[in-house]
Amino acid sequence: MNMKTHGLPFILLPLLALGGCGGSGSSGAGGGTPPPPKPNILLVIMDDVGIDQMSSFGYGGVATPLPPPLSGEHRGPALPSIDAIADQGLKFRNTWSMPECSPGRSVLLTGRYPLRNNIYQAIGPNDLANSQISEYEITAPKLLKQAGYENAMFGKFHLAGPDNNLAGSDTPAQLGWDYFYGWIEGLPASIDTTAGGVYDEGRWSCGFYPHHLAGACYFPDDTCQDMSAPALTGDGSGLLCLSRGGIFVRGFDVPDDHEVPDGYQTCAEPLPEGVTLDFEKQNAYYVSPLVIIKDGEREDVPLTDPRARGYRTTIETNAAIDWITSRDDSTPWMATVSYSSAHTPWQQAPMALAPITPNLSGNILDCASSLHGRVIQDQMTEAMDTEFGRLMVETGLATRAEDGTLHYNPDSNTLVIIVGDNGTLGNAVKLPFDPTRAKSTAYQTGVWVPLIIAGPMVSEPGRSVEAMVNMADIFHLLGETAGIDMSAAVPRVLDAEPLLPYLLNPEQTSLRQFNFTQGGLNLQKDGGRNGPCAIGNLCSHTPVNKGVCEDNGGVWWGQGADDSSAVAAISNLGFSPEDGLEMCWQVNQALHQLDPDNYQDNHKEIATTYAVAVRNAHYKLVRNEITDYDIASDTGITVNTEELYEINQDEAAPLLDTADSDLLADGEGALSPAQAENLTQLRAELAAILDSQHACPGDGNDDGAVNQTDLDEFERITVTEGWSGSSTYDFNLDGATDEQDLQVIEDNLGTTCW
């Protein structure tokens, strides 16, 4: 693995790009023109939008039939705003992220692989601080502060806290952001199927009354608005009210046969008997626990506050616009717009934001249906594209032509970066990509993401870059853009390679000879893990809790299992459903014990608990670890596999790592000499990467040494702060920072690890 830099010194690259290095343009003791201002940076992160969704990259989906009751064909989301920036900037067509959101975003914002900080999967409430971005890490905002940048983040955080972390919901400020407006926990809550408490649990799968009928829209401040029946071509009554922050009441409950009664509610009348309004209940993308942090002061916005109510993508965009337009020219800035969309739970966006997709916001779509969900996901992605376009125009970073097309403003002096955090969730994957090897796997569909860059340093915009790029390299570009000497600014192992040379030089060859991705289980107390979730025929430990499991169409077999089939199997195995099962292999054990004769038909495939992959220009090596139930021994057995694939980025028919293309399926003896040589090369590179991280007991601040600083930090955490919970100084991973951990420091004092 090459940890070194390439080409010109980092400090010179941005200056050359902007005409500020040497010649008559330099400013010295004798005068001359001042150097140009540092570029501003807009970083846009899309959630669960893999490269298979991107028509501008040559993909976007083969036409497939729409699910009933819809008719016609569908090709995936139309993204005119993002596509326009792609056409006016650079498309990096060979970019890898990590298999899930938290590790992908962590790698982007620290330049370091998961093996450096133990963030292997989406951070959940049981993950220790040891699997969150540490306060000692040099994050992108901390890096850019060295060059005088102001930093803000809007939308999804999901990098640290609020659980098992001393900083709690203050983690954005702790990790360097001057301003934060968004959601600490990365996942929207489950859909409120009571539509605000008006109906029984489970009544409306999308969280709102779907019909186009008159009624009353109630708001948390005790105001109310009468609503006439909306046009059938737009949003239903419930979604119109919900998007405004209210709860819709029709007046008479719609019976199960969906026959609509004549009467309807008005604001002048009392609520119907038995109807209650619950303004304290979260509702996926429309009612969310907003956190605002400014200059270190945090405000937890209640769910009854209008700021916490409305469509998330719009809230995220509005906040970013307000902050960016309030900046002046004296200080460079970086704004990270970290969209929640299009992550599950899939819930329709307002139709005004997705005019390209047909009218799909009414009662014809079921948010509990995986078939309908993939269409809703497309609509959510289109809505994000609409709001991104508005963000660009209202901040002056782009203009609209008469025909509505978006045009980047080169005079804005702003670097625009758009990237997906990981591959697409399986149910929404577009052909010819593989929905069975999607998000949460190290296969191409799970880690291959779109990357778009436009800005003042881009030479010959409109071209594609085929060179291998890793999510970590974006971190390097942020430093390069600010003119920072990265080797001095980040005095620890950095997995990032330069990106700026690709912007400056259309002839730049690949600086990476290899690419890498990694996923697994985060660290939990005493070796725990997320409970088992069966999504279709696959059992996974990815969903962080029961709600997330069910939001993804899964059946929860962990603590608090209540699905009738799961309860029967768990009880038959001798366990309490309240306690649930701990491992996915136990799900198969329970199914076998319950019905051994039909086990082969009923058993679950087990998702990998650890996966790594490395590739070169033409081949990819994948290693997976799976623990499944073994009938003979009646226990779980761990199996490690190794697979080799030939891959490429062909637009018409990309070579993918599908199940039937494993070159090692018939053993190494079946490989050609060239394939065998590539296998040897990839094994060596993978070993070098994995061996580059060394354990350093007692080094809680990750500076490579166990010394007085660690003793001081331990005292600050446990004595000054009075914290005894999880921290990076919890070396024995028991969820407590205590005397046992202090002993580890004292036993290793004087050790230098790197």
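**Pockets, cavities, a hairpin and a helix**

Helix H4 (residues 114–117) gives three residues to the lining of the second largest pocket, the largest share. Please note that this is a predicted model, in which local features need pLDDT of at least 70, side-chain atom pairs count only at pLDDT 80 or more, and totals for chains, interfaces and linings use all residues. Residues are numbered from 1 along each chain as its sequence is written, and side-chain values use heavy atoms, with hydrogens and water left out.

Some terms come next. Helices (H or I, at least four residues) and strands (E, at least two) are DSSP runs, numbered from the N terminus. Spaces are found on a 1 Å grid over the protein atoms alone: a cavity is a set of points where a 1.4 Å probe fits but cannot get out, a pocket is an open set with protein on both sides within 12 Å along at least five of seven lines, and lining residues have an atom within 4 Å of a point. Grid points are joined across faces, edges and corners, and a volume is the space filled by probe spheres set on the points.

The second largest pocket holds about 720 Å³ of space. Its lining numbers 29 residues, and Arg116, Asn118, Gln693, Asp699 and Asp702 are the closest to its centre. By class, this lining has 12 nonpolar, 10 polar and seven charged residues; here Ala, Val, Leu, Ile, Met, Phe, Trp, Tyr, Cys and Pro count as nonpolar, Asp, Glu, Lys and Arg as charged, and the others, Gly among them, as polar.

The largest pocket has a volume of about 1200 Å³. It is lined by 50 residues, of which Thr436, Lys439, Thr441, Leu538 and Ala607 are the closest to its centre. Among the elements that give two or more residues to this lining are strands S24 (610–615) and S25 (619–630).

How many cavities of 30 Å³ or more does the structure hold? There are three. The second largest cavity contains about 100 Å³ of space, and 16 residues line it, with Ala195, Gly196, Leu242, Gly246 and Ile247 nearest its centre. Helix H7 (237–243) and strand S9 are the elements that give two or more residues to that lining.

Strand S9 (residues 247–249) also pairs with S7, antiparallel, over three bridges; two strands pair if DSSP finds at least two bridges between them. On its other pairing, S7 (residues 215–218) runs antiparallel to S8 (residues 224–227), joined by four bridges. Which residues stand opposite tyrosine 218? They are cysteine 224 in S8 and isoleucine 247 in S9. S7 and S8 form a hairpin with five residues between them, and aspartate 222 in the turn has a positive phi of about 70 degrees.

Finally, consider helix H11 (residues 471–481). It is largely enclosed by the rest of the structure, because 11 of its 11 residues are buried, that is, under 20% relative accessible area with a 1.4 Å probe, protein chains only. These buried residues include Asp473, His476 and Glu480. At the start of H11, a side-chain oxygen of asparagine 470 comes to within 3.0 Å of the backbone nitrogen of alanine 472. After H11 comes glycine 483, with a positive phi near 75 degrees.

Thank you for your attention.

Notes: Buried < 20%, exposed > 50% of the residue type's maximum accessible area, 1.4 Å probe, protein only. Polar contact = N/O pair within 3.5 Å; in protein donor to acceptor, adjacent residues only side chain to side chain.
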